[in-house]
Amino acid sequence: MNKYFFILISFIGFSFLLTSCAKSRGNNPGVEYAPDMYYDKGYEPFKEKDSNTLNKYGSNMREPVKGSIAVGKLDYAYPLDNNGEGYEASATQIHYPDNFVFDKARGERLYNIYCAPCHGIEGHNDGNVFKRVASIKPPWKGYDDDYIKNLPAGKMYHVITYGKNNMGSHASVLTPEERWQVVAHVQELSGVGYQKTPVVVQEQTNNEDKTKK
């Protein structure tokens, strides 16, 4: 009896499997186990490209026109590309906003959160990350290095925005105004002091290949 029951159950299971596979075509996935694990119940704005019949593009939301800036996010617009030309251009094209006010406490706090783990509290490249993985340290010794002292604020901002060498972008965790607070604090640590006016661009040296924040 058990033998026939096992054969019957196997036949039903195999038939179910074949039936499910046969229906799986194109956008039809066939019979799925726990589909809620794979598909959101809520409407997706851009992923559902073929389910919204009212929008001729199929998605539930139109993509914004290229170059559009969300309301209240005007300061997020950044004119330079993430490449060597953009980095060099940032020296002369990117400056502190006219309405920027350096808040030393905020600048220090933000620096300690996002920069000190690598560069150290005082900017000597002695943070815990660099202590553990010395191979990723930048070649300059610290913020009191002439390379940092002579680095234009625009280049610092550019590096924080895009990242450089082993340093990743911080654009997702720092608003544009917060990035400037960090730049100002780095200038303080370098000994040069917060300088809202652009630093005079000196002759490019090999140090320009070095990482900096």
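## Arg106 and its two partners

Let's start with Arg106, which counts as partly exposed at 30% relative accessibility. In this predicted model, the Arg106 side chain meets that of Glu177 in a salt bridge, with an N to O distance of 3.0 Å. The two residues come from distant parts of the chain: Arg106 sits in helix α3 and Glu177 in helix α8, 71 residues apart. Glu177 is partly exposed too, at 28% relative accessibility.

Arg106 also forms a salt bridge with Glu178, and here the closest N and O atoms are 3.8 Å apart. This pair again links distant parts of the chain, with Glu178 in helix α8 and Arg106 in helix α3, 72 residues apart. Glu178 has a relative accessibility of 18%, so it counts as buried, the cut-off being under 20%. Through shared partners, the salt bridges join Arg106, Glu177 and Glu178 into one network.

## Lys104 and Glu188

Next comes Lys104, which pairs with Glu188 in a salt bridge whose closest N and O atoms are 3.9 Å apart. Lys104 belongs to helix α3 (residues 104-114) and Glu188 to helix α8 (residues 176-190), so this contact ties together parts that are 84 residues apart in sequence.

How accessible are the two ends? Lys104 is exposed, with a relative accessible area of 53%, whereas Glu188 is partly exposed, at 32%.

## The wider count

Altogether, the structure holds four salt bridges. Among them are Lys104 with Glu188, Arg106 with Glu177 and Arg106 with Glu178. As a general point, side chains of opposite charge can pair when their charged atoms come close.

Technical notes:
Residues are numbered from 1 along each chain as its sequence is written. This is a predicted model: local features need pLDDT of at least 70, side-chain atom pairs count only at pLDDT 80 or more; totals for chains, interfaces and linings use all residues. Side-chain values use heavy atoms; hydrogens and water are left out. Helices (H or I, at least four residues) and strands (E, at least two) are DSSP runs, numbered from the N terminus. Buried means under 20% relative accessible area, exposed over 50%, partly exposed in between (1.4 Å probe, protein chains only).
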